[in-house]
Amino acid sequence: MNSLHLCNNAQMIDWQDLLHFASLARTGSLSAAARELGVDHATVGRRIAALERTLDLRLIDRRPRTSPLTADGRAIAELVAGIEDNVEAIRRYSKSAGAGLSAAVTISAPPSIAAHLIAPKAAAFRADHPDITLTIAGVTRRAALDHGEADIAVRMSRPEESDLLVRRIGVMRFGLYAIPDVAAMPEDRWVFIGYDAALDHLTQQTWLRSLLAGRPIVFRAGDVFGQLQAALAGLGIVALPAFLGDSEAALRRLPTEIPSPTRDLWLVTYPDLRRSPAIRAVMDFVSETIGRSCPLRGADGAA
């Protein structure tokens, strides 16, 4: 974002200083703010010190591991949050007011959906919409649409923000998979592949644990692609999204006594961005692409 100077009683406030302070207020430390902004922590420190000099206020208490806000800092943080919201609203308005289908659009989605469903169809989309440049961010966390991290997001739980435009576009189903040699083993000798402990709360991981019956998880990975590669190498049995597992010719889907879980998929954006022809084109593309692989109704007709 280009530097913006705000004038107040002849004091020139640099918007970049405010931006760095706002990030610190959200994250609680210089290092966390630096990661959020993609800069080093010394830059964050310099920007906040410059803002303190401009305002003639001490905004943070400088401690070894954290930088808690002072009372003045908390008051300024509330005001800055309002400015950020307004700046982001201006960005969205300018994007939605742009003429025609020429635009750059960023999509945030879970990594498996971004890499396995959306990216392979990007060439076909490009052929139909040569003036739209897509950026696809495969992330496990929720992209902050209100801070411009993405224009459109695919989420695996219904968003709670009341100001977002929300559309249910598909249902992710899961299955249990293994290579034939592993699948043919006696069930009491099965071993499993799962997520690392930090992701034990995920629906599919909870389902996998319900199937263990005393059998071990012998390998863990923080992403589905690491688990998939381990399964393809014959390490064990893995729970995968059906669109991913069914597409791997080397894997066999295994029957389970406990029905597999499902996750609703939601497409979200801001209503003012929806006015943009480019945003609408990308939303339709994402919705149709995911809907084909993750239909709202399964093969048995269940929603």
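**Exercises on helix H2 and its neighbours**

In this predicted model, the buried residues of H2 pack against helix H1 (15-27) and H3.

**Exercise 1.** Determine how the axes of helix H2 and helix H3 are arranged relative to each other.

*Solution.* Two packed helices are described by the angle between their axes and the distance between the axes. Take the distance as the opening step: the axes of H2 (residues 30-37) and H3 (residues 41-55) come within 8 Å. Next, take the angle: these axes cross at roughly 105 degrees. Angles of 65 to 115 degrees count as roughly perpendicular. H2 and H3 are therefore roughly perpendicular to each other.

**Exercise 2.** Identify the residues that make the contact of H2 with H3 and sort them by class.

*Solution.* From H2, the contact draws on Leu-30, Ser-31, Ala-33, Ala-34 and Leu-37. From H3, it draws on His-41, Val-44, Gly-45 and Ile-48. Sorted by class, six residues of this contact are nonpolar, three are polar and none is charged.

**Exercise 3.** Is Ala-34 buried or exposed, and which residues does Ala-34 touch?

*Solution.* Begin with location: Ala-34 lies in helix H2. Its relative accessible area is 5%, and buried means under 20%, so Ala-34 is buried. Ala-32 and Ala-33 of H2 are buried as well. Leaving aside residues up to four places away in sequence, Ala-34 touches Val-39, Asp-40, His-41 and Val-44. Finally, consider Ser-23, eleven residues from Ala-34 along the chain: the C-alpha atoms of the two residues are separated by 8.3 Å.

**Exercise 4.** State which residue just after H2 takes a positive phi.

*Solution.* The residue is Gly-38, with a phi of about 75 degrees.

How values were computed: Residues are numbered from 1 along each chain as its sequence is written. This is a predicted model: local features need pLDDT of at least 70, side-chain atom pairs count only at pLDDT 80 or more; totals for chains, interfaces and linings use all residues. Side-chain values use heavy atoms; hydrogens and water are left out. Axes are lines fitted to C-alpha atoms, for helices over the stretch in contact, and angles run from 0 to 180 degrees between N-to-C directions. Helices (H or I, at least four residues) and strands (E, at least two) are DSSP runs, numbered from the N terminus. Angles under 35 degrees count as roughly parallel, over 145 as roughly antiparallel, 65 to 115 as roughly perpendicular and the rest as oblique. Contact means heavy atoms within 4.5 Å. Ala, Val, Leu, Ile, Met, Phe, Trp, Tyr, Cys and Pro count as nonpolar, Asp, Glu, Lys and Arg as charged, and the others, Gly among them, as polar. Buried means under 20% relative accessible area, exposed over 50%, partly exposed in between (1.4 Å probe, protein chains only).
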